Amino acid sequence: MKIYYSFKRAIKSIAVFIMTILIATSATAGPIVTDWTYSTDATFSDAVFGIGAGTTTSSNYELSWGYGGGDYTDPNAANDLARSALTVGSGDTGDDRFGGGPVIGGVSTVIGGGLPDPFAGEVGLGVSFTHWNNAISSAFATLLSATVTDTLTLTPFLPNVGPGIPAPTLEFDFEFRETANAGPCAGGTPTPCGDLFGFTGTPTLNIPLFYDGNNYVVDILILGPGLTPSPIGFLNDGQCAALGFTTGISGQRCQGFLTPEDAHTTVQFGFDVRHIPEPGTMAIFIIGIACLSYRKLTN
């Protein structure tokens, strides 16, 4: 009997404690931010090139390789006079994007679940990456790997203007392979083989952000035609293996892109900010179990 009443008191204490915490949290939380202004930027660093002829360039917004006097925007150059590149764009929506620089804009918070609606301003336009995939001589040194550092600063705008919040800085340590055009191609893709750009271990969805007593998450997205958002895709096991990433039961699938030969391919990035309601589902579940247990013991 003594154990019975001790258990009742413990259940009651737990329920009261959880309710107190949730009430206190709710009381101290500020209003949900419905609209933000933002600035985002991405830069290259730590580029590694293979051994070979030609010249290589490594700067904040450009990684290029091939013929020293070549122009990576020229797709018609002979392969011994050609140049290829990866460039960061400044966030416009044209086809030829390079030069980099911060992207500034505004974005509305996704509230109440569901997918972000670009027509409701719930998708922020970020930077772009363009691969200038030109056919170059196999004698040239090519890019092997590098790091992309992506920064995002959010500033509350509505209902109240607040200080800027540095969102988590993301570092993508990526591997790059300029593949031979003739097959067999990695992952069973058709010839001519596309080049591979991939990374692993960097979160792109549900990145936590806490502001003024409220929880939010940021998602890094790929924007298609009409700025329709979708998560960054995964490469298949053969493509990941060609990039040097371990796959299978003990490994992790890599994310990335396959870019076609003799073309420049632009990947437009965006993001959303989603509000996570409090109290969470698990907290409500715990309270419910505690209350039901307490009621059962008192009956």
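## The second largest cavity

The second largest cavity is lined by Leu-86, Phe-129, Thr-130, His-131, Phe-176, Phe-197, Phe-257, Thr-259, Thr-265, Val-267 and Phe-269, where a cavity is a set of points, on a 1 Å grid over the protein atoms alone, at which a 1.4 Å probe fits but cannot get out, and a lining residue has an atom within 4 Å of a point. Strand E6 (124–133), strand E14 (255–259) and strand E15 (263–276) are the elements that give two or more residues to this lining, strands being DSSP runs of E with at least two residues, and helices runs of H or I with at least four, numbered from the N terminus.

This cavity holds about 90 Å³ of space, a volume being the space filled by probe spheres set on the points, which are joined across faces, edges and corners. Its lining has seven nonpolar, four polar and no charged residues, with Ala, Val, Leu, Ile, Met, Phe, Trp, Tyr, Cys and Pro counted as nonpolar, Asp, Glu, Lys and Arg as charged, and the others, Gly among them, as polar.

## Basis of the model

This is a predicted model, in which local features need pLDDT of at least 70 and side-chain atom pairs count only at pLDDT 80 or more, while totals for chains, interfaces and linings use all residues. Residues are numbered from 1 along each chain as its sequence is written, and side-chain values use heavy atoms, with hydrogens and water left out.

## The largest cavity

The structure has four cavities of 30 Å³ or more, and the largest of them has a volume of about 120 Å³. Its lining includes Ala-42, Val-148, Asp-150, Phe-199 and Ile-220, and by class it has ten nonpolar, no polar and one charged residues.

## The nonpolar cores

The largest nonpolar core has 42 residues, and those with the most contacts inside it are Trp-36, Leu-154, Phe-174, Val-218 and Phe-271; such a core is a set of buried Ala, Val, Leu, Ile, Met, Phe, Trp, Tyr and Cys residues joined through side-chain atoms within 4.5 Å. Strand E7 (residues 143–158) gives the most to this core, with five residues. Apart from this core lies another, of six residues, among them Leu-196, Leu-235, Leu-243 and Cys-254.

## The protein as a whole

The protein has three helices and 15 strands. Of its 299 residues, 39% count as buried, which means under 20% relative accessible area, with exposed over 50% and partly exposed in between (1.4 Å probe, protein chains only).

Key
On a 1 Å grid over the protein atoms alone, a cavity is a set of points where a 1.4 Å probe fits but cannot get out, and a pocket is an open set with protein on both sides within 12 Å along at least five of seven lines; lining residues have an atom within 4 Å of a point.
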